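Hi,

Here is the structure I promised to pass on. Have a look at it first, and then read my notes below.

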Amino acid sequence: MGVHVSEAWARCAAAKLDLESECVRIANDEVPPGAYTANSHSELLKLPSDERCRLLASFNSNSTITSLELSHTGIDVPAARVLASLLSGRNTALTALNIERNHISSEGIVLLSLMLAKNSTLRVLKLAYQQVTISSAAELQIAEQLERNTTLLKLTIDLRQVRARELCDKWLMRNAALRRQQLKATVKADVDRAAVEAPGAGVAEVGGGTEGEDGGSGPPACAVGNWAPANAGRTAVS
């Protein structure tokens, strides 16, 4: 589904689609549902910060895009503020956000961390490889705010502080355990309902279930503690 978006940006580059029309299409659910993929897109990189923010703000009213892929697209602090705002409020469709390899400073990381305390739908958040160094205070902020979020399953971020890494690991492991419990309860409820509707059909075994990183069914893909300790070679570039 990301192919459709790439084609849209290709048309934009050819002057066949302007930014205003793309904003309207996003806001009115006229783009293909699922993933909106614009990683490393040159046209998005060239947009002035205010126009990039206008494009992101159009996702406020979108209800069909579940994954937003914006790695290396010039996302800065104003854009991070827009994303934090929409994920703290009206948008409840997004379950995955990739904004790696951008220019999000400590201020932007703090804004996104405060969003985590209010959001209950995001399962994947990718913040690694920012082109600016994140402060120790910002590292601790996102680790501490993660305690107030019980639904995020995967986080990628460059953390130098041992304490911040330990806290993120702790809360992501808790969230994964909660999710397994929810899946198990859902399966049991389905089995009980089926038994009532079809008495004498036998007893089904209830398992814990697994899920993919976006919250769907499938093999385990919750990369608990998936960030970059300094000794792993993934540190923020100053």
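This is a predicted model: local features need pLDDT of at least 70, side-chain atom pairs count only at pLDDT 80 or more; totals for chains, interfaces and linings use all residues.

What does the ring of Tyr 36 pair with? I searched the whole structure for aromatic pairs and got one. Its members are Tyr 36 and Phe 59, with ring centres 5.2 Å apart and planes at 90°, and since anything over 60 degrees counts as edge-to-face, that is the label this pair gets. Phe 59 is buried too, having a relative accessible area of 1%. Tyr 36 sits in strand E1 (residues 34-37), while Phe 59 belongs to the loop between H4 and strand E2 (65-69), so the pair ties together parts that lie 23 residues apart in sequence.

Now for the overall picture. The protein has 238 residues, and 45% of them count as buried. Its secondary structure comes to eight helices and seven strands. If you take the contacts between residues at least 6 apart in sequence, 80% of them join residues at least 24 apart.

Next, the helix packing. Two packed helices are described by the angle between their axes and the distance between the axes. I have two pairs for you.

For helix H2 (residues 19-27) and helix H4 (residues 49-57), the axes come within 8 Å and cross at roughly 25°. That is under the 35 degrees used as the cut-off, so H2 and H4 are roughly parallel to each other. On the H2 side you will find Leu 19, Glu 20, Glu 22, Cys 23 and Ile 26, and they meet Glu 51, Arg 54 and Leu 55 of H4. Sorted by class, this contact has four nonpolar and four charged residues, and no polar ones.

The other pair is helix H5 (residues 77-88) with helix H6 (residues 106-116), packed at an angle of about 5° with the axes 9 Å apart. That makes H5 roughly parallel to H6. H5 contributes Val 77, Ala 80, Arg 81, Ala 84, Leu 87 and Ser 88, and H6 brings Glu 107, Gly 108, Leu 111, Leu 112 and Met 115. By class, the contact of H5 with H6 has seven nonpolar, two polar and two charged residues.

While you are at H6, look at Ser 113, which is in that helix. Is Ser 113 buried or exposed? Its relative accessibility is 0%, so Ser 113 counts as buried. A polar atom of the Ser 113 side chain lies 2.6 Å from the backbone oxygen of Val 110. Leaving aside residues up to four places away in sequence, Ser 113 touches Gln 141, Ile 142 and Gln 145.

Finally, two backbone angles to check. Arg 101 is not a glycine, yet its phi is positive, at about 55°. You will find Arg 101 in the loop between strand E3 (96-98) and H6, and at 41% relative accessibility Arg 101 counts as partly exposed. Tyr 129, also a residue other than glycine, has a positive phi near 60°. Tyr 129 lies in the loop between strand E4 (124-126) and helix H7 (136-145). With 27% relative accessibility, Tyr 129 counts as partly exposed.

Cheers

Conventions: Residues are numbered from 1 along each chain as its sequence is written. Side-chain values use heavy atoms; hydrogens and water are left out. Axes are lines fitted to C-alpha atoms, for helices over the stretch in contact, and angles run from 0 to 180 degrees between N-to-C directions. Helices (H or I, at least four residues) and strands (E, at least two) are DSSP runs, numbered from the N terminus. Angles under 35 degrees count as roughly parallel, over 145 as roughly antiparallel, 65 to 115 as roughly perpendicular and the rest as oblique. Contact means heavy atoms within 4.5 Å. Ala, Val, Leu, Ile, Met, Phe, Trp, Tyr, Cys and Pro count as nonpolar, Asp, Glu, Lys and Arg as charged, and the others, Gly among them, as polar. Buried means under 20% relative accessible area, exposed over 50%, partly exposed in between (1.4 Å probe, protein chains only). A polar contact is a pair of N or O atoms within 3.5 Å; within protein, one must be able to donate a hydrogen and the other to accept it, and residues adjacent in sequence count only if both atoms are side-chain atoms. Rings of Phe, Tyr and Trp (its six-membered ring) pair if their centres lie within 6.5 Å; planes under 30 degrees apart count as stacked, over 60 as edge-to-face and the rest as tilted.
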